[in-house]
Number of protein chains: 2
Amino acid sequence: MTPMPRLDLARLLDQRLDPLTKGLPFDAPPLSLGEVGKQGWNVLAGDMPLPLAVIRQDVVRRNSAWMSAFTSANDLVIAPHGKTTMSPQLFDLQVADGAWAMTVATVQQLEVCLRFGVKRVVIANQPIGRGAIDACFRALHGEGFELYCLADGLAGVAMLAEGAKRNPPPASNPLRVLVEIGFLGGRTGARSRDAAMAVANAVVAADGLTLGGFECFEGLLPTPEAADGLVDDVAALTQAALAEGLFEADQPVVLSAGGSAFFDRVGERFNNARFNRPVVKLLRSGCYLTHDSISYAAAYDRIVNETSLTLPDGRLEAALEVWAYVQSRPEDGRTILTMGKRDVSFDAGMPVPLRWFRPAEMSRPEAMPAGHKVAALNDQHCHMETPVESPLQPGDMVAFGIGHPCTTFDKWQMLVLVDENYRITEALKTFF
Amino acid sequence: MTPMPRLDLARLLDQRLDPLTKGLPFDAPPLSLGEVGKQGWNVLAGDMPLPLAVIRQDVVRRNSAWMSAFTSANDLVIAPHGKTTMSPQLFDLQVADGAWAMTVATVQQLEVCLRFGVKRVVIANQPIGRGAIDACFRALHGEGFELYCLADGLAGVAMLAEGAKRNPPPASNPLRVLVEIGFLGGRTGARSRDAAMAVANAVVAADGLTLGGFECFEGLLPTPEAADGLVDDVAALTQAALAEGLFEADQPVVLSAGGSAFFDRVGERFNNARFNRPVVKLLRSGCYLTHDSISYAAAYDRIVNETSLTLPDGRLEAALEVWAYVQSRPEDGRTILTMGKRDVSFDAGMPVPLRWFRPAEMSRPEAMPAGHKVAALNDQHCHMETPVESPLQPGDMVAFGIGHPCTTFDKWQMLVLVDENYRITEALKTFF
């Protein structure tokens, strides 16, 4: 399989930014996306309004390289979940680092990939609705474009098969269907091996579809041990389908799994299984790219401590921060900041104050002293518990680490990359 | 005070929509915002991808008219909180119904108001940061434009005063500052009447600022009785400042409060107070416009049952729905739908399934049978508990009511207005 070509970002970088875009200075001249990094703006100089979502460029590049080295060293490939960032500029970084495909969750996200030239996409979902299914089949006529999607039941396969009748794909480029294996009480996914094999057989029987392989999403399971069983199902079903001759001889056989919490177990279990032809062992992690300061940080510590896989040098670090101003110190023990539910994720732990900075007085941000803790977020405000001796005063800046990058990215149509001195080097457009 | 003129929306309606905008059909021709409503698209015909955020146009117009009648009947005015929708087209509806001003939370939101011609804005926050403060003072040079903002402490007033020195406003158009009164354990706001009066005196002493009045945000308080005390503080401080001669003779005296839960109490308490000159009794509710299906619905029931104010005919109803497809019925008791944390609010109760519809088989949506309940949301999926006898199957559509409109609106760059048959009549652009 050939590596994917780099993305075509020229049109994106030339795109004029709406001056009303959250995060742009209020007196900015009319700018294209590509010009933002050339203004010499610096967060610490007060050039940007806060809140602002900031990505440390050195860290995000190291994280991307780390995952590339990790998958290469362990006979895995990755289709990074693009839904996390929905930023074609970050997709391009992932493609440059060898991504086998991009993963998306919806057909709108597929369309973003198509515009910017991603050549292989995994929709980690069953497309539903005539418009969405038709768009998938239209995409198959694109030069050199390959599309994988999921199915977990006969009703879903039937909808895809009807779509293929309405929009027959090229004979050489069918819709590749990964059969999803789930678990009782879980999300989508066939609940038994027999049910999954029935779905696989229905795919094989349908014109315009081909069996791409099997997959699961183990990220909702509570423990690595629970993930093992589900991942083993994926391997066992692949073996069974190979034994039954359900795969086309000229199509790759794909086994896939992998959120960002148990990707080590996915690699270990896939590597333990034996197959009678080459297979693609595909991770779909997305959050590794910016990592986080809460749950994925903890999950990664477990991986580093436990895995039997080869770990490359370096380690994942948190690259994504949201900066806010101290707005008020209305009483002892409480600080109110200019950041809220619309600016930062709050579904996987409250943001974590990391550093603070006083413009015009300090030369570098300093580590946040102990005892500062976010107590609550409103739409546009952050309530932070504050020790009596806290140095914070209105106008100070605070950098917060975040949990769950997906729900921070989706609050920004533009994020900025910064260098080690918080100078802005590039603006990233998102498509949510 | 003259009513605000209608907004200038022509440029907005002519704006070309990015075809990648979430909610647009995947095969839509290149379209301007204003053309979306002319395509004859219908949600029930399967013309739109789901999830889709839908506003019932008759309901939203009735809600806007209801609030207009309510405030008029009770000697109140309203500056609807625009942060809820951030949709200039809905701002225009509110202005047409007599809004005294628009309220916003941030300077980015102020800039949205400025672009579309809102002539009076209340920033219900202390602007922080040189760029934000400078933008406020620049705005004061706009023809016929008036700006109110908050301050709750001497540090904040000092920052505003420095801004006025950097950017002196026209003598006839100072920055109008409302002193914020808070409560212990609350958000921003001076914690005592003495502290608030010190802030008011600092405002009066600063060039380029003028005392606009006093305000609070009572929406975070747990009970209407607790709200009463805070609202009474606003009235008492206004009386004290009048007695001390802190207001300019030619400037309005503003008392303001009012989230969307206790706006009746605000009106009652303000109306109980006596002042020695005319005052503006200003509500800032925002969520009334689309209302909701959870907490504001309950808060409104209390208002209707308890208030001594005059209630106009009709009542607020939920106008905002998010529609999703049934994606999978993987096991008895569970339905997975194509809607997640990125599409619908989840911070004030899980979305409520209201109706369902089977394309090509049913003629109208039917009420959701009892026993369907959202158990969880992932980024892009909804898990719904489902009774054994549920009629739902993959491909069916489900309409969800939402809690907390602010955090549903901010997940959409485009929402659609629909008529009573779910035909799309207009697309609404948002600016988050």
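**Exercise 1.** What is the order of the eight strands in the open sheet of chain A?

*Solution.* This is a predicted model, in which local features need pLDDT of at least 70 and side-chain atom pairs count only at pLDDT 80 or more, while totals for chains, interfaces and linings use all residues. Residues are numbered from 1 along each chain as its sequence is written, chains are lettered from A in the order in which they are written, and side-chain values use heavy atoms, without hydrogens and water.

Take strands as DSSP runs of E with at least two residues, numbered from the N terminus, and let two strands pair if DSSP finds at least two bridges between them. The order is then 2-9-8-7-6-5-4-3, with parallel pairing. Strand 2 (77-78) and strand 3 (102-104) of chain A each have a single partner strand, so one side of each lacks a neighbour in the sheet.

**Exercise 2.** Determine how chain B is related to chain A.

**Exercise 3.** Which salt bridge do the side chains of B:K341 and A:D347 illustrate, and at what N to O distance?

*Solution.* Apply the rule that a side-chain nitrogen of Lys or Arg lies within 4 Å of a carboxyl oxygen of Asp or Glu. The rule finds ten salt bridges across the interface of chain B and chain A; the one between B:K341 and A:D347 has an N to O distance of 2.6 Å.

Definitions and conventions
Helices (H or I, at least four residues) and strands (E, at least two) are DSSP runs, numbered from the N terminus.
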